[in-house]
Amino acid sequence: MKKFFTLVSFCVLSLAAQAQLNGSGYYRAKNHNTERFIYVVDDKGYINLAANEADTEALRLRKGEQYALDDPSSVLYGLNVGGTKWDLQAQGSGVYGIIGMYVDVESQNNGDNPYTVSGTASGQTVSLVDKETNTDLEFGKLATGGSSYKRWMIYPLNQENNYLGVTPNVKAGDKYYSSYYVSFPYSFYSEGMKAYYVSNIDYKNNVVVIKEITGTVQKSTPAIIECSTPDAVTNKLALQDYLSNNNAPSDNLLSGTYFSHHNHAYDGKPVGRIEYDPNTMRILSSVDGKLAYVNAKDDKNLLNYQPQTAIFDPEWEMIDYAPRYLIKPNQSYLVVPEGSADTFMVMTEAEYEKAYPSTPQGDVTGDGNLDAQDCTSIVAYYTTGTGSIDTKVADITGDGVVDAQDVIMLVNIYLSSK
């Protein structure tokens, strides 16, 4: 029964598909009475129907569409598997894949909004409700039964008033940027937007090299989003087929997290968050007006701060937590070895090649060209031990010494380049 409550709640999105689109798609859902939207902020939860107990911390309810429009955790995806049965996806989790069952939906208005949402397990059926009956409060609490607020309004995403936009948090030059990580594939609806990933880290020069992602950004791809404005309404995404193949870049060095849950313990352990490690993690920021990955340390603008607190696990045992700094939700971040620099400047591949041009193979003199002088220099070094050459470049065979085989290979490389 574990995780049943958390995941059955995803099914509210599917109702609109049945009534309005007659198929799978992306949606937001809010309670008909309280007008609080559903947010998926974790992937852990459980329900014990016999004991009337449930862990509902994975789902949050919040009033105000202005908060939902740039928050990926408010975006839900529904897949109809036949009749009233649905499989639901949100924040990298799916109902059937986790609990091995589908959920049912029922319209309360001749096949249109609003709807009730229910799930059945072990012969018992529960309906989802907003437990907080004070409709003036910003935040509510998702629960099973015990309230008349069990009707839900479902709205398919569009580009007019129910879009998903990006609100950048970093400015560098005349551009705005956001580290980004979501479970669905997307392209860009608004102009002036690009996506990048980290393809290389130069630890010698403390540089991060980024490469543009062309076309669709595949699901679960940690990325950097470039925007031309600071406002989500002008940085809209176009969400793509959720079931499409995931052909994300294989050389992407970024990591990502969906969740940044402050006070949730599951089976006695804190869940739904990644704690920031200043020794091995770097966060997207700017230095002197240029894009960079930095050691965020205790920066509350770059990280989510969790003050010291005491919470209870499902067995009602108290757990004390010291202050923590967490990676923000739906964010990408960089993992580096311990002892790495605090700051890595960001460059495109073209910028990096211009700033740190690669040495041509066999350019033992280091003048940027492979020419006859390189051949003369390596011969002199090998035969007499005199002259100044780059022995690492001259060791073409990679066996640790500059010998006759290296001389022969360099001459052949030079001749073949003519």
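**A tour of rings and strands**

The structure holds 11 aromatic pairs, where rings of Phe, Tyr and Trp (its six-membered ring) pair if their centres lie within 6.5 Å. What you have open is a predicted model, in which local features need pLDDT of at least 70, side-chain atom pairs count only at pLDDT 80 or more, and totals for chains, interfaces and linings use all residues. Residues are numbered from 1 along each chain as its sequence is written, and side-chain values use heavy atoms, with hydrogens and water left out.

Start by selecting Tyr-305 and Tyr-325. Their ring centres are 5.0 Å apart and their planes stand at 45 degrees, so this pair is tilted (under 30 degrees counts as stacked, over 60 as edge-to-face, the rest as tilted). Tyr-305 belongs to strand 27 (residues 304-306) and Tyr-325 to strand 30 (residues 324-326), 20 residues apart; strands here are DSSP runs of E, at least two residues, numbered from the N terminus. Tyr-305 is partly exposed at 29% relative accessible area, and Tyr-325 is partly exposed at 21% (buried is under 20%, exposed over 50%, partly exposed in between, with a 1.4 Å probe and protein chains only).

Next, pick Tyr-26, Tyr-77, Phe-184 and Tyr-242, a cluster linked by ring pairs. Then hop to Tyr-163, where the charged end of Lys-236 sits over the ring, 4.7 Å from its centre.

Last stop: Lys-171, which stands opposite Tyr-176 in strand 16.

Definitions and conventions: Pairing = 2+ DSSP bridges. Helix = DSSP H or I, 4+ residues; strand = E, 2+ residues; numbered from the N terminus. Lys NZ or Arg CZ within 6 Å of the ring centre and 35° of its normal.
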